[in-house]
Amino acid sequence: MTPAPPLLDALVIGAGQAGLAAAYWLSRAGLSFRVLEAGAAPQGSWPAYYASLTLFTPARHSALPGLPFPGEPDRAPTRDGMAAYLRAYAHAHALPVETGADVTRVTPRPDELGRGQPGGFEVTARDGRTWAARTVVVATGTFRTPVTPDFPGQAGTAVEIRHAATYRHPEPFAGQRVVVVGAGNSAVQIAADLARVADVTLAVRRVPHLIPQRPLGHDLTDWLAWSGVERLPLGALGRVPDAQPVIAVPGLRAALRGVPVRQVFTAFTPRGVRWPGGQEEQVDTVILATGYRFGAPFLPESALDRTGEPRQRLGVSLGVPGLYFVGLPGARTIASGTVRAAGPDARAVTVALRRFLRRDPTDLPAGR
């Protein structure tokens with residue numbers, strides 16, 4: 001008979017920046033925990049993004065607590081640089097990450113001791129491994145489930161339709177006619193990347209407004225930090241609206257010269273798209289940079305609302321005692337969901353988690 005797994009204080013699901021930041025604070029608090037990562041290394045979703053991706057926050061604002069980001073503090077970290085930093089972070093703090101742990105079910109356990117308290121959780125992975133913990137922190141982010149709008153005529157078109165989640169390099173699209181749908185940072189950066197080798201149009205519902213990265217000689221994130229706006233826990237009033245602007249990282253404006261911006265097409269045709277006004281155009285590929293939504297099918301239904309979003313306030317589940325979330329956009333501040341907010345948001349959730357475990361939350365060690 002297989003022995004029951006030991007009861008840990010916490011299990012963290014996901015080893016991206018949010019999960020590793022949560023692990024750091026749980027470690028500082030002296031709690032027993034494991035971090036469960038579906039992939040082969042603690043590096044989050046970074047290797048799956050397009051190769052030219054650069055953060056619009058400088059390295060000095062892209063570090064997690066307890067380890068400065070290496071190199072020049074004013075430089076913008078790249079996709080590969082972020083992945084390497086997260087791997088180094090897990091190693092530097094000896095965080096207990098278990099890889100290949102693709103979680104398929106989080107099951108609340110009954111109160112076997114009759115104390116009138118939740119009995120914790122059993123967590124199961126696809127390979128059959130199980131863990132038990134008094135609390136669970138979900139840090140899988142919002143990049144697991146791409147949003148793919150459905151256009152008229154889509155089923156019968158010969159146009160290649162793909163989500164930005166599958167885009168890596170521009171070379172496969174060389175010489176093609178490509179339409180990128182979206183008005184966020186990813187859409188604009190992918191359009192600029194493709195413009196080097198393809199004939200590209202950016203199709204939008206609203207015209208993107210590019211904000212300078214260094215207004216008045218200082219980085220935008222410096223201004224946000226100095227003003228204290230990013231520290232306001234507006235999530236106490238409900239989810240903070242997504243206000244992430246399109247940041248004009250170095251070279252972006254120049255790369256976009258010659259890329260037309262049009263109102264999004266109304267339908268697919270057999271070999272292309274139909275623009276507002278009725279004009280039809282032959283197109284080879286449409287890339288949908290239309291975002292993602294939260295996806296955690298392993299959670300109990302009571303943890304989610306009717307749209308599949310977490311029922312939470314400031315990262316604390318409203319439907320399942322002992323369940324927490326880190327890395328959700330808008331969960332706590334206007335920066336929640338970004339790299340620079342991972343540390344502060346994880347610290348706040350750890351304080352709430354310790355209170356739930358009836359540990360004094362006031363003596364959590366400081367960390368930078």
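Q: Which residues of H1 are buried?
A: They are Gln17, Ala18, Gly19, Leu20, Ala21, Ala22, Ala23, Tyr24, Trp25 and Leu26. Buried means under 20% relative accessible area, exposed over 50% and partly exposed in between (1.4 Å probe, protein chains only). The model is predicted: local features need pLDDT of at least 70, side-chain atom pairs count only at pLDDT 80 or more, and totals for chains, interfaces and linings use all residues. Residues are numbered from 1 along each chain as its sequence is written, and side-chain values use heavy atoms, with hydrogens and water left out.

Q: What makes H1 roughly parallel to H2?
A: They pack at an angle of about 20°, with axes 11 Å apart. Angles under 35 degrees count as roughly parallel, over 145 as roughly antiparallel, 65 to 115 as roughly perpendicular and the rest as oblique. H1 is therefore roughly parallel to H2.

Q: Which residues make the contact of H1 with H2?
A: Gln17, Leu20 and Tyr24 of H1 meet Leu86, Tyr89 and Ala90 of H2. Contact means heavy atoms within 4.5 Å.

Q: How do these residues of the contact divide into nonpolar, polar and charged?
A: Five are nonpolar, one is polar and none is charged. Ala, Val, Leu, Ile, Met, Phe, Trp, Tyr, Cys and Pro count as nonpolar, Asp, Glu, Lys and Arg as charged, and the others, Gly among them, as polar.

Technical notes:
Helix = DSSP H or I, 4+ residues; strand = E, 2+ residues; numbered from the N terminus. Axes fitted to C-alpha atoms, helices over the stretch in contact; angles between N-to-C directions.
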